[in-house]
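I opened this notebook to record what I looked up, helix packing to begin with, then single residues and the chain as a whole.

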Amino acid sequence: MASNQVPERLVKAPGLHSPHHIVTSGSSKLPPTVPKPPTVGLVLTGGGSRAAYQVGVLRAIADLLPLSRNPFQVIVGTSAGAVAASVLAAGGDHWRSAVEGLEHVWTNLRSEHVFRVDAAKMVRGALQWVLALTSGGLAMSPPKSLLDNTPLRELLDMHVDCRGIRRNIARGHLRALALCTTSYASGHSVIFYDAIEGITDWNRAQRLGRRTKLTAEHLMASAAIPLLFPPVKLGGAYFGDGAMRQHNPLSPALHFGADRLLIIGVRAKRAAGIETNLLHASMPTPGEIFGYMLDSLFTEQIYGDLEQVERINQLVQDAPSAARDLRHVDMLMLAPSHDPREIVATHMADMPLGLRTLLRVMGGRNRSGHQLASYLTFESGYTHDLIKLGYRDAMNARSALVPFLTGEALPPAMIEKTSLPGSERGRPEVLSPSGTDCATAV
């Protein structure tokens, strides 16, 4: 992301974008025809149980636009975000009902609905790891994963109608849906998608897009967090969580023709560290380190890509004659106003015994270990609080959110730039949940 080279993915594809979204060299004349409304894309990042926050934001949007059909013609999901993306795409003809269904599932969720949590099974799995390591794999082979996510597959079969995705694309309710995965065979980021006719596959450095009939297996692959959940075989190769090699998470939505992107993240501003008391820093435990790894896995790439697109937008604005094949893309990102680590701390006692035991063994039960717990706790009390937080944040941002989604002119608050102490110059600004100013992503 440090390179200043113009990325190939931002070159305008002929016929996909309406002319009024291409910045030209200083013309003040109005276009001869009424411009088409912008194509709004939704990008749902990964985040384990933190994805409940995204559901709250979506519920607020449904309430803010009660008479609107699906406001997102392009939907891209990764990991847990892929599940919500698929539900929205499959229910695009009844968008509000699809959001309500998501909210119902997440509000009543339990860890046992996502992975097996009985203590005996977790202990057996841990012992299998120990025996495999101590014997060099001679006495016993290691398990496929730390957790068994068979219940998740059963949940998806019950609540995601993958046939509805193709139906809604054919009926014009949806332009494209993309589910992001990582190939263990090639190490490439592979985006499986279904879309309208005219959109073609792509091959870029370390990433490619393949049109296919999307199924629950693609969802399981996108959400297969490394080590925690087993890889999923698609065709003749194994795939895992899409966030692993996803260096350009905004790319699929841009390829599908989106010129406005709403990104819903799961990390609170500045909440990336694992140590809360720098004056008394101690050696991080394996649980703390794994929590930090998950946080980086699900979040870092999105901020890096925001920086890249922001640089392209600046180039289009400052040197339009040199950027005639590029287009400006409006971006709005919502992220939690309250740290999920602090929220999960009030729900640790709600965890099933097996999960609490696992976190204790890994050193993820104390304050600094709440990072890991905030991604693995699927108990309804915690997810309900995240849904409420997402709803409140989106409602507080409604003065910018509504015009952004409906194609109206954007308010000054979304253009205004501010800086936070210690922030890097040039980092992209994202709308703060207060809806009154912009805050630098850190």
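**Entry 1: helix 3 against helix 13**

I began with helix 3 and helix 13, which pack at an angle of about 140° with their axes 8 Å apart; the axes are lines fitted to C-alpha atoms, for helices over the stretch in contact, and angles run from 0 to 180 degrees between N-to-C directions. That angle makes helix 3 oblique to helix 13, since angles under 35 degrees count as roughly parallel, over 145 as roughly antiparallel, 65 to 115 as roughly perpendicular and the rest as oblique. From helix 3 the contact takes E103, W106 and T107, and from helix 13 it takes S380, T383, H384 and I387, where contact means heavy atoms within 4.5 Å. Sorted by class, these residues are 2 nonpolar, 4 polar and 1 charged; Ala, Val, Leu, Ile, Met, Phe, Trp, Tyr, Cys and Pro count as nonpolar, Asp, Glu, Lys and Arg as charged, and the others, Gly among them, as polar.

I noted the basis of these values before going on. This is a predicted model, in which local features need pLDDT of at least 70 and side-chain atom pairs count only at pLDDT 80 or more, while totals for chains, interfaces and linings use all residues. Residues are numbered from 1 along each chain as its sequence is written, and side-chain values use heavy atoms, with hydrogens and water left out.

**Entry 2: helix 1 against helix 13**

I then turned to helix 1 (residues 52–64), whose axis comes within 6 Å of that of helix 13 (residues 380–396) and crosses it at roughly 45°. The two helices are therefore oblique to each other, and helix 1 passes helix 13 in a right-handed crossing; a crossing is left-handed if the near helix is turned anticlockwise from the far one by less than a right angle, and right-handed if clockwise. On the helix 1 side I listed A52, Y53, V55, G56, V57, R59, A60, D63 and L64, which meet T383, L386, I387, L389, G390, Y391, D393, A394 and M395 in helix 13. This contact of helix 1 with helix 13 has 12 nonpolar, 3 polar and 3 charged residues.

**Entry 3: helix 2 against helix 6**

How do the axes of helix 2 and helix 6 cross, and at roughly what angle? For helix 2 (residues 80–90) and helix 6 (residues 163–170) I found axes that come within 7 Å and cross at roughly 50°. That makes helix 2 oblique to helix 6, and their crossing is left-handed. S86, A89 and A90 of helix 2 meet G164, I165, R167 and N168 of helix 6, a set that divides into 3 nonpolar, 3 polar and 1 charged.

**Entry 4: single residues in the helices**

H104 and V55 are 49 residues apart along the chain, and their C-alpha atoms are separated by 9.9 Å.

N396, in helix 13, is partly exposed at a relative accessible area of 39%. N396 and A60 are 336 residues apart in sequence, yet 9.9 Å apart in space, C-alpha to C-alpha.

In helix 14 (residues 398–406) I marked A400, L401, P403, F404 and L405 as buried, and just after helix 14 I noted G407, which takes a positive phi of about 90°.

**Entry 5: positive phi in loops**

I also looked up Q206, a residue other than glycine with a positive phi near 70°. Q206 is found in the loop between strand 5 (202–204) and strand 6 (207–211) and is partly exposed at 35% relative accessibility.

L227, likewise not a glycine, has a positive phi of about 75°; L227 is found in the loop between helix 7 (216–222) and strand 7 (232–234) and is exposed, with a relative accessible area of 57%.

**Entry 6: the whole chain**

Of its 442 residues, 55% count as buried. Residues 24 or more positions apart account for 74% of the contacts in the protein chain with a separation of 6 or more.

Definitions and conventions. Buried < 20%, exposed > 50% of the residue type's maximum accessible area, 1.4 Å probe, protein only. Helix = DSSP H or I, 4+ residues; strand = E, 2+ residues; numbered from the N terminus.
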